[in-house]
Every structure is written in C-alpha cells, then in structure tokens.
Amino acid sequence: MKSGIGVSVRTFGAIVGTACAILAAVPVHSSADQTSEDTVLAAPSETDAFYGAYMGAKHAEIVADFSRAADLLDQVLENRPDDPLLQRRGMLANLHAGRIERAVDLARPQIAVYPSEVDIAAITLAAAAMKRGDWERAVSILEPERRIALARFSAPVIAAWAERGRDATDAAIERLAPLRAEKELPDLHDFHAGVIFLDAGRNEEADAILSPHVENLESATIGIVRAAARAKLALGEKDAAEELLTSYNALHEGVSLIEQDLSELDETGKLTPLIDGPLAGAADALVNLGLQVRHQAPLIGLRYARLAVYLDQKNDLGRMIVAAILESFSRNDEAIAELREIPADSHYGWDARMEIGDNLMQLKRDDEAIEHFEEMADERPDDIEALEQLGFLMRARDRFAEGTEYYDRALDRVKTVEPRHWTLFYNRGITLERTDRWEEAEEDLKKALELNPDEPFVLNYLGYTWVDKGIHVEEGMDMIRKAVDQRRNNGFIVDSLGWAYYRLGQYDEAVVQLERAMQLRPENGVIADHLGDAYWRVGRRTEARYQWTHALDLEDVDDDLREAIESKLKSGLDAVESAAKE
C-alpha cells in the first residue's frame with residue numbers, strides 16, 4: 001500500500017534526545033507497580049449513595065480525564081474519608097492532573113499505612129517537604145530501605161539533594177551510595193555526585209568523579225559531558241572544557257545543548273550551572289526517570305514529570321514530557337495548555353511551539369494550525385521545519401496540491417541538499433504523484449533514494465508505483481521485496497508486495513502476502529479490500545465477500561472505495577471490472 005500521509009520528521013524522541021539525560025533503560029517492575037502504584041479498589045455496592053461518583057471517576061481514569069477523576073474521587077472521599085485505597089486513587093489522580101498540593105494531602109495517610117517502604121506517596125511527600133525547605137523531613141521520609149519500583153532510583157537522589165539543601169555535602173554523597181549497585185543506571189550515581197560537588201564548590205572532587213566518564217566520548221552521555229566541562233571550567237581549565245565540548249560535538253553533530261554551551265563559553269567565558277540548587281537537582285532526577293519510563297509506564301512517567309515541574313517551575317523538559325504523555329492519551333487541549341507555559345526563549349521554546357501546532361492538527365483545528373505554523377515559518381526564514389509540518393498537514397487532509405506548494409517553499413530554503421533532506425523529496429514526490437504529476441514525482445522519489453539509499457518507505461512507494469503503472473516491473477518488484485526485508489512487520493509495505501503480485505496476475509502469491517498484511521494491520525480497510533479481491537481471483541468467493549463486508553467497518557475506507565466495495569458485493573468483482581473497462 002502506498003500511504004499518502006508519508007513521513008513526518010518530528011518525534012518527541014528527537015526533541016528530548018539532546019536533553020540532559022544521563023540514564024540507560026530503566027526497568028519498571030510490573031508487580032510492584034501494580035500493587036503499590038496502581039491499586040484498584042473493588043466496586044462498592046450499588047446501594048452506596050456515591051456509586052455514581054465512583055463509577056464516573058473510574059470512567060474518567062479510563063479516558064485519562066485526570067482532573068475529572070480527581071474531582072469525583074473527592075466526592076467519594078467525602079463519604080469514605082479514611083479508606084486507604086480511595087485515598088491512594090485520589091492521590092494518583094491529583095498527581096496526574098498536576099494538583100500536587102491535594103495529592104500531598106492524600107499522600108500523608110499512605111506513609112502511616114506503609115511506614116517501612118518508600119513509594120510514590122513518600123516521593124510526593126518528600127518533594128513537598130523540599131519545596132518548603134524542610135530538608136530534614138524530606139530525608140526522614142525517604143529513610144526506609146525498602147523502595148518500591150522507581151523509588152529504588154529516585155529516593156537516593158532526592159535524599160541526597162535534601163542533604164545538600166541542609167549543607168551536608170558528605171551526607172549527600174553517602175545517600176547516593178545504593179545507586180552504585182544499580183547496573184541499569186551506571187551514570188546516575190556519578191552524575192549527581194559530580195553535580196552536588198560542583199554545587200558545593202568542591203570542584204576537584206567533581207572533576208575526579210566525572211572525568212573518567214568522558215575518556216570515551218563515543219559512549220559518554222550528554223549530561224555527564226556537560227557536567228564534566230563545568231568541573232574543568234571551575235578549576236580554571238577553560239581550554240580543557242572547550243576541547244571536551246568541541247570533541248563531543250564533532251562526534252555527535254547537532255546536539256543543541258552542547259552547541260549552546262560552546263556558544264556561551266565563547267561569548268562569556270562562563271557556563272550556566274547545570275543544576276541550580278537542591279530543588280532543581282531533585283527535579284532533574286525525577287524528570288529523567290520519567291522520560292525513561294514514559295513508554296513502558298506512561299502514568300508513572302507523568303507522575304514523575306509533574307513532581308519535577310512542581311519542584312522546579314523552570315524545568316521545561318518536564319513540561320515537554322507532561323505534554324507528550326497527555327498527547328499520547330489524546331488529551332490534546334491539556335497538552336497545549338502545558339506547552340504554552342514554556343517561555344519562547346527557553347531552550348525548548350521552539351519545540352514547544354511546534355508541538356502546539358501538532359496538537360492543533362490532531363484536534364483538526366486546521367485553520368489555527370496553519371496560522372500557527374505560518375507565523376513560525378515567517379519568524380525563521382531559513383528554517384524548514386514549520387513548512388514541513390504544513391506539508392504533512394496537507395497530505396493528511398488529502399490536499400496534495402497545497403502540500404506540494406509547502407514542500408516547494410521548504411526546498412527553496414535549502415541552500416545545500418544533504419542526506420537528511422530525503423524526507424522533503426519523498427514527501428513532495430507523494431504529493432506530486434497524487435496530483436498526476438508523475439514525471440516530477442518520479443524525479444523526487446529517485447532523488448530521495450539517492451540521498452538515502454535503501455530507505456524502505458521510498459523503495460516501497462517508488463517500486464509499487466512502477467509495478468502499478470506497468471513500467472520497470474522487475475526492478476519495482478525487487479525494490480518492494482527489499483523494503484519488506486527491512487520492514488517485515490509493516491503491514492502497509494507487506495500489502496504493497498501482495499498487491500504488486502495481484503497486479504501481475506500472480507494471485508496465489510498475492511493471497512499469501514495479503515493475508516500476512518491483514519494479520520499485521522487487521523484494522524485497515526484498504527488491505528481487507530485487497531485481500532477480498534485476491535480471494536475472488538483464486539475462487540474463494542465466500543471469503544472474498546466476507547473481507548469486503550468487513551472492510552466497510554474499518555478505517556481508511558473513503559467514499560470512492562466504499563462505493564467500489566458495495567458494487568463488488570452486489571455484482572461481483574468480474575462485473576465491476578468489466579464495467580470499468582467500458
């Protein structure tokens with residue numbers, strides 16, 4: 001199948017890939033998370049006066065309407081204020097909604113119920129204690145050695161920064177000690193130890209703990225490199241700091257935070273502190289842990305990111321993570337509201353504005369999205385990102401001619417064509433092909449393949465189109481097969497191979513490939529229609545009619561395809577194709 005939507009170059013991973021992340025993959029242990037962080041209360045009796053509020057809260061949780069869930073759970077708690085499971089659900093709902101003070105109120109009884117362990121309730125209370133400057137209370141809350149799920153990593157760091165808050169630097173380093181045994185996070189201990197030493201002005205100790213990590217810049221993390229550069233600068237070794245950043249930048253070109261450091265060092269001879277005090281230190285740990293688990297456990301990631309922003313209102317990466325998770329739950333209006341809190345001059349300001357536009361697109365507020373991206377395109381006349389997104393929007397709405405215009409404008413801004421620009425040519429090729437400008441489309445698709453040889457999406461689109469047009473058939477089939485070899489689990493690309501076999505009259509092989517495509521993308525109506533046609537050609541008429549009927553209930557079936565399917569169901573494929581030839 002040729003997808004008219006093409007490729008969007010924006011991913012949240014690309015945005016935060018330059019963040020001050022110092023973590024490897026963080027394990028999220030499902031048993032602990034389920035028992036300690038997502039406890040579900042059995043439904044109360046239907047005679048309960050608050051049954052409606054209870055069920056409403058449950059529904060609100062399911063659809064990720066966290067503010068509504070928190071409000072309804074407050075109503076339920078008025079009737080059962082001492083129920084620990086309801087308190088916990090209320091605490092979590094308020095954390096998810098960003099209502100931290102209410103979450104703190106509901107967290108207090110939790111540590112009385114579970115006094116010998118540290119979980120999200122204790123983390124929440126410790127954050128609140130730090131926020132009000134009660135460092136001793138924060139440390140005592142995190143004292144128990146039994147730490148549940150992600151608290152195994154966050155508790156030592158938060159406790160360490162609380163110790164730093166009361167100017168107990170040696171005690172802070174000691175609090176980090178349990179992290180030395182955590183093989184999943186080899187840099188977590190040394191990063192925070194180094195930055196705590198820097199915050200305390202113990203620069204030689206900071207350099208001693210950070211320098212070994214930057215001996216191999218291929219594997220060094222961005223956070224460690226930036227911290228090590230600051231340690232060297234604090235020791236008066238400006239040239240060494242600059243060399244470290246320059247060397248890393250040469251190996252990992254385009255890391256914006258490193259480029260920002262190099263620019264600041266060149267202009268001022270200084271570097272802004274990486275972490276400005278205990279609250280920012282604890283927030284950094286929370287936000288990076290939240291970033292790491294947001295795919296495995298988005299609600300846990302959301303809690304951590306919310307707490308990070310609570311501790312440090314300037315933690316714009318935390319806001320980006322909150323918005324991304326809200327967006328993943330289709331809470332686009334709430335994501336936009338969070339993104340609007342990020343100042344335009346923030347390091348994440350531009351990306352936040354791009355994400356606002358993406359959320360407007362998802363809400364189908366197209367006029368607002370177009371105006372938003374046009375303003376951004378005007379603001380940066382040499383930048384192509386906003387124009388690319390406008391092209392993507394036009395493709396998604398089947399406004400292919402307008403999409404071509406946006407890609408033309410984007411390519412006009414490209415001074416030197418580089419391999420990374422393959423997406424521009426590929427996506428413009430799609431819009432040109434969809435508006436019957438085949439010669440120009442073919443030229444763009446070939447250019448995309450020249451810039452990024454063996455790119456499966458380009459191979460699939462160009463190869464399929466050749467076969468469909470009856471030109472370069474063998475070469476086209478080879479290209480589709482090569483695409484399938486790289487994307488064996490991509491139902492659309494497998495569908496292309498199956499449909500190419502169908503177009504060549506190789507119906508038995510078409511059935512094999514189209515059945516596999518249908519297994520991979522059972523929700524797609526176009527693939528179901530293709531499979532129905534293939535079944536008809538091999539004499540499996542009942543199965544063909546089943547697939548066509550099934551296709552009418554699936555996605556991606558536009559009015560023209562729906563009419564064609566209904567005609568096939570009424571008269572059969574042979575009659576429909578004969579009528580089309582007349």
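Analyst: First, a definition: angles under 35 degrees count as roughly parallel, over 145 as roughly antiparallel, 65 to 115 as roughly perpendicular and the rest as oblique. Helices are DSSP runs (H or I, at least four residues), numbered from the N terminus. This is a predicted model; local features need pLDDT of at least 70, side-chain atom pairs 80 or more, while totals for chains, interfaces and linings use all residues. Residues are numbered from 1 along each chain, and side-chain values use heavy atoms, without hydrogens or water.

User: OK, at what angle do α4 and α5 pack?

Analyst: About 150°, with the axes 8 Å apart. Axes are lines fitted to C-alpha atoms over the stretch in contact, and angles run from 0 to 180 degrees between N-to-C directions. So α4 and α5 are roughly antiparallel.

User: Which residues of α4 and α5 make the contact?

Analyst: Contact means heavy atoms within 4.5 Å. Among them are Phe66, Leu73 and Leu77 of α4, and Leu86, Arg89 and His96 of α5.

User: Switching topic. How many salt bridges are there?

Analyst: The count is 47, taking a side-chain nitrogen of Lys or Arg within 4 Å of a carboxyl oxygen of Asp or Glu. One of them joins Arg319 and Glu338, with the closest N and O atoms 2.8 Å apart. Arg319 is in α18 and Glu338 in α19, so the pair ties together parts 19 residues apart in sequence.

User: And which residues does UniProt list for "repeat: TPR"?

Analyst: The unreviewed UniProt entry lists 350–383, 422–455 and 491–524. Such annotations may be inferred rather than shown by experiment. Residues 422–455 are 79% helix and 0% strand, with end C-alpha atoms 9 Å apart.

Key: Helices (H or I, at least four residues) and strands (E, at least two) are DSSP runs, numbered from the N terminus.
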